Amino acid sequence: MKIIDTLIITNSIEELCKEANYILNPKVTALIEEASKKETSSIGQEVFSQILLNTNISRKKRIPLCQDTGIVIVFIEIGQGVLLKGLPLEDAVNLGVRRAYTASFFRNSMVKDPIGKRINTLDNTPSIIHTKIIPGEKINISVMVKGFGSENATSLKMFPPTIDKKEVENFLLETVKEKGANACPPLFIGIGIGGTADYAIQLSKEALLSLEPMDEWEMYLLESVNKLRIGPAGLGGDITSVYLKVKTFPTHIAGLPIAINLNCHVLRVRSLVIE
Amino acid sequence: MSREYYLNLPLTEEERTSLKAGDKAFISGKVYGMRDQAHKKLIEIIEGKGKLPINLLNSTIFYVGPTPPKPGEKVGAIGPTTSARMDPFTPLLISNGMKVMIGKGRRSKEVIEAIKIYKAIYLVTPGGISAYLSQFVDDIRLVAFPELGPEAIYKLILNRFPTFVGIDTGGNNL
């Protein structure tokens, strides 16, 4: 058994939030740079160069990559051999978010009483926390800072169990056609397939956490999205999306939940391991 | 081939009609920064025939909710939010004198119709490049609805702020 103070989790969350908002994940930068070479429209090329300039200015001057410093989504995997001491886990996570957002002058975007007075909580808490117990004695933490321009573009559909891959593609294309331009393309697209309605949506977010190489079907779907020619910033062009990842989970014989998560080009994901 | 214009606000009708979808427009001057809740409040005031806290005549509205400036800095990260959410409120603002909008993404048919009737114009700038765009904003000040925090109405002074013409006065869409 290993004893870990949740203060370490607080500090980690604080660092991950700052890093996510100031320094684009190198894998994200690499995917954007690679895609920018294939863009042929002049406006599209210009948008790509603005995106890459933005990355440099943000890192050097410590100005957030986007003014929507997002809702903080935290994925924590805790080894079952770990005993946590100190603040309760959720309080520890929210303390880290509060510290990062107030000390760095990020925008506080969270409001309570959402269908009533919509009062700003003034520290960007609470965050959305997904916890999972895993074997071992480590804690894996991933933070996804998500702007709502892209979160509003999320789609879920409960399909019958008899559909084939072509219908997944059609649903994807419909979603991107309808909502892609508003979600700040070039997009990172996560697709969650299986589980339940809520779990498919969670999968569609988890799909974008580690940015592993795409498989053949994912590359095919990406190409298909790019044929829509929505282009960078939605102003037309070859590159509507730079990366697409599918994450699946077993589901019920009677259905097939499919969730599509359109993430903006500023995919702010950061991870670390506490050992 | 897109053309480039450097323009000072407020834009004259002649300047607005000369801009065509796809042109690049570098904008300088005063704009109001506002988003969802401020739109809702302005509409309530207009419908209740109350006194507006800002002058809409020939105004420019930038759909924005900036990060607060750090101590010693004039501005924080600044960039557009999704314009479509303002669509239900926009035709009434246009009919009350607002002429230029800066935002990101698509607009509704009703907004495009109002743009054509009143010779207004919609400028777009990419989202998610707010550190870059902050270089083209000289000043930002709170104007109205301070209780709304980042959703209040701000006055921003733009300085050669880069945009593309998204929807021109003829309703042509980029």
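Let's start with helix 6 of chain A, residues 165–179, which lies across strand 8, strand 9 and strand 11 (256–263) of chain A. Its direction runs at about 35 degrees to strand 11 of chain A. Helix 7 of chain A (residues 197–206) packs on the sheet too, touching strand 8, strand 9, strand 10 and strand 11 of chain A. That helix makes about 145 degrees with the direction of strand 9 of chain A. Touching, or being in contact, means that the C-beta atoms of two residues, placed from the backbone, lie within 7 Å. Angles run from 0 to 180 degrees between N-to-C directions, with axes as lines fitted to C-alpha atoms, for helices over the stretch in contact. Helices (H or I, at least four residues) and strands (E, at least two) are DSSP runs numbered from the N terminus.

All of this comes from a predicted model, where local features need pLDDT of at least 70 and side-chain atom pairs count only at pLDDT 80 or more, while totals for chains, interfaces and linings use all residues. Residues are numbered from 1 along each chain as its sequence is written, and chains are lettered from A and ligands numbered from 1 in the order in which they are written.

## The sheet itself

The sheet is open and mixed, with four strands of chain A in the order 8-11-9-10. Strand 8 (155–159) and strand 10 (241–251) of chain A stand at the edges with a single partner strand each, so one side of each has no neighbour in the sheet. On average, neighbouring strands are turned by 15 degrees against each other, direction ignored.

Strand 9 (residues 187–195) and strand 10 of chain A run parallel, joined by nine bridges; two strands pair if DSSP finds at least two bridges between them. Leu187(A) stands opposite Ser241(A) in strand 10 of chain A.

## Chain A as a whole

Chain A has eight helices and twelve strands. Its radius of gyration is 19 Å, close to the 19 Å that the globule rule gives for 275 residues, so chain A is as compact as a globular protein of that length. That radius is taken over C-alpha atoms, and the rule is 2.2 Å times the number of residues to the power 0.38.

Buried residues make up 47% of the 275 residues in chain A. Here, buried means 20 or more other C-beta atoms within 10 Å of the residue's own, exposed means 12 or fewer, and partly exposed is in between, with C-beta atoms placed from the backbone.

The contact between the chains takes 35 residues from chain A and 30 residues from chain B. Helix 3 (residues 42–61) of chain A gives the largest share of chain A's side, ten residues.

Several residues of helix 3 of chain A are buried, among them Ile43(A), Phe48(A) and Ile51(A). Their cover includes helix 1 (6–22) and helix 2 (26–36) of chain A, together with helix 5 (130–133) and strand 7 (153–167) of chain B.

## Two loop residues

Pro135(A) is in the loop between strand 6 (128–134) and strand 7 (139–146) of chain A. Pro135(A) is exposed, with 9 other C-beta atoms within 10 Å.

Over in chain B, Met98(B) is in the loop between helix 3 (90–95) and strand 4 (100–103). Met98(B) is buried, with 23 other C-beta atoms within 10 Å. Not counting residues up to four places away in sequence, Met98(B) touches Leu56(B), Ser59(B), Ile61(B), Leu93(B) and Ala120(B).
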